[in-house]
Amino acid sequence: MTQSTQKSSSLSTRHLTGIKELTPADIELILTTAAQFKEVINRSIKKVPSLRDITIANAFFENSTRTRLSFELAEKRLSADTLSFTASSSSVKKGETLSDTINNILAMKVDMVVMRHSSPGAPHFLAKTTKAQIINAGDGTHEHPTQALLDAFSIQEKLGEVGGKKVAIIGDILHSRVALSNIFCLQKLGAEVMVCGPSTLIPRHIDKLGVKVGHNVKEALEWADVANVLRIQLERQQIQYFPSLREYSLYFGINDKLLQSLDKEVVIMHPGPINRGVELDSDVADGKHSIILDQVENGVAVRMAVLYLLAERGQ
Amino acid sequence: MSFYTFTAYTFTEYKKLQMEAVKQRLILNEGALDVTLSRLCMQLIENHGSFSETALIALQPRGKWLAQRIAEKLAKFTGNTIELGYLDATFFRDDFRRRDNPITANATEMPFLVEGKKVVLIDDVLYTGRSLRASLDAMQAFGRPTKVEYLVLVDRKYTREIPVEATYIGSSVNSIKTERVSVEWKEQGYESDNIWLLSK
């Protein structure tokens, strides 16, 4: 193999703090690389040795099942050394500051930090103040970049491409980091985005981001090629934004009857965890239009791609 | 009249001028290449007969064109269908994070397992030997072959960084590190097949 004929490209950033900081070329590169890793994780031997000299800390200051497992699996498939850390069982409880915690982890010669935190901007702060390469696995109600990337990857896999497609994000937009990252990611790839939900759960001025705003689920579904349904995040709601879950479900829940009443097919996505019977009925979540479990599988491939490409920038 | 005049070049003219700018030597042209490919196929048939237990694996990205030509010729000579897979070893390379220009991964398409088969790995140029080392690792995910052979079109002598040699060699060249071998296939959009040794 001659060296100059190999395609060369790398990310424009050392950190993945948010989709906002990525260029469309970065996103394309991540999705292309993820497709190669998806082939790898479907082999009988699923491991590659790429990151064998890298140590990654998973610092989860907020609860997570799917994202943490997905990152851990991605790291192990790439042969990285990993250490996991949850806030409830650590010195954070004793009053240690965020940068002290991360600097202590770094002092043990860790290369990358995958972090989730309840404060928006925590990863951006650490990217500026510490030497670690930071990967944001969700910061409060701000961004969740890897979720947006795996959503884009899943749409691309299902519909061929993201550009030109219409995606409706339905549900609790106000408290959702998935919504914001998805809006940035889909727009950078050339898709049209609509947000739909009760007015109390849609942030004011969100139309300034160039998204359509709707309050009727049926109209949104008629417009869309893809519906990304979000969970009602009761744990983040300090006040009551709608009268009752039953009422929310009646007006904004998606059931099979509603899908049947459309004269077209809409791909159903959900970042999980699903509140069955609230935003999605079981027959829709498990139905033939749902790609919810594909999203989970693609999550590992996309996170492998992100870790692999960032590791290359960290030399 | 302006002192400055512009000449509009077509892509091929521009490419030609660019090629003239660097010192170059033709290693194989289209006719010679076809003879070499036929000879390589005959050597393969000598050892593998009807290819019932042998599979070809192209090393991505540059081994693809050569392997397709070889598979085509072998199918013609033997009258059998030849199993051909494409293997990408990017994630198995030992120079990850150690090179200036990162490599983008290519698709691996292995429609068969190599367990119990004889395998011929195919690449265009054998240089440091590191691609082959990575490929042998990458191949482990698809089983344990009974025998592995290595076919290259151009063997660059005295440049190895790992003690490996090819089983079948199209052409050997003496070259130094500042030179490079450029393999051009019609399938890539070139006018004819040519292999060049270029000085930078």
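Predicted model: local features only at pLDDT ≥ 70, side-chain atom pairs only at ≥ 80, totals over all residues.
In chain B, the secondary structure consists of four helices and eight strands. Read from the N terminus, the elements of chain B follow the order α-β-α-β-α-β-β-α-β-β-β-β. The C-alpha trace of chain B extends over about 75 × 40 × 30 Å along its principal axes. Chain B has 200 residues, of which 53% are classed as buried. Among the contacts in chain B with a separation of 6 or more, 71% are between residues 24 or more positions apart.

Packed helices are described by the angle between their axes and the distance between the axes. On the side of α2(B), the contact involves B:D34, B:L37, B:S38, B:L40, B:C41, B:M42, B:L44 and B:I45. The residues contributed by α3(B) are B:L66, B:R69, B:I70, B:K73, B:L74, B:F77 and B:T78. Classed by residue type, the contact of α2(B) with α3(B) comprises ten nonpolar, two polar and three charged residues.

α3(A) and α4(A) form a right-handed crossing. The contact brings A:L98, A:S99 and A:I102 of α3(A) against A:A122, A:F125 and A:L126 of α4(A). Five of the residues in the contact of α3(A) with α4(A) are nonpolar and one is polar, with no charged residue.

Over all chains, the structure contains seven aromatic pairs. One of them joins A:F242 and A:Y248, with ring centres 5.1 Å apart; the planes lie at 35°, so the pair is classed as tilted. A:F242 and A:Y248 are both buried. A:Y248 also pairs with A:F252, in this case in a stacked arrangement with 5.4 Å from centre to centre and 25° between the planes. Both A:Y248 and A:F252 belong to helix α8 (residues 245-252) of chain A, where a spacing of four residues corresponds to about one turn of the helix. The relative accessibility of A:Y248 is 3%, so A:Y248 counts as buried. A:F252, at 10% relative accessibility, likewise counts as buried. Elsewhere, ring pairs connect A:F37, A:Y308, B:F91 and B:F96 in a cluster, with members from chain A and chain B.

In chain B, the residue B:I103 lies in the loop between β3 (83-87) and β4 (118-126). The relative accessible area of B:I103 is 11%, which is under the 20% limit, and B:I103 is therefore buried. B:R93 is ten residues from B:I103 along the chain, and the C-alpha atoms of B:I103 and B:R93 are 9.8 Å apart.

Definitions and conventions. Residues numbered from 1 in each chain as written. Chains lettered and ligands numbered in written order. Heavy atoms only, no water. Left-handed = near helix turned anticlockwise from the far one by under 90°. Helix = DSSP H or I, 4+ residues; strand = E, 2+ residues; numbered from the N terminus. Contact = heavy atoms within 4.5 Å. Nonpolar A, V, L, I, M, F, W, Y, C, P; charged D, E, K, R; others polar. Phe/Tyr/Trp six-rings, centres within 6.5 Å; stacked < 30°, edge-to-face > 60°. Buried < 20%, exposed > 50% of the residue type's maximum accessible area, 1.4 Å probe, protein only.
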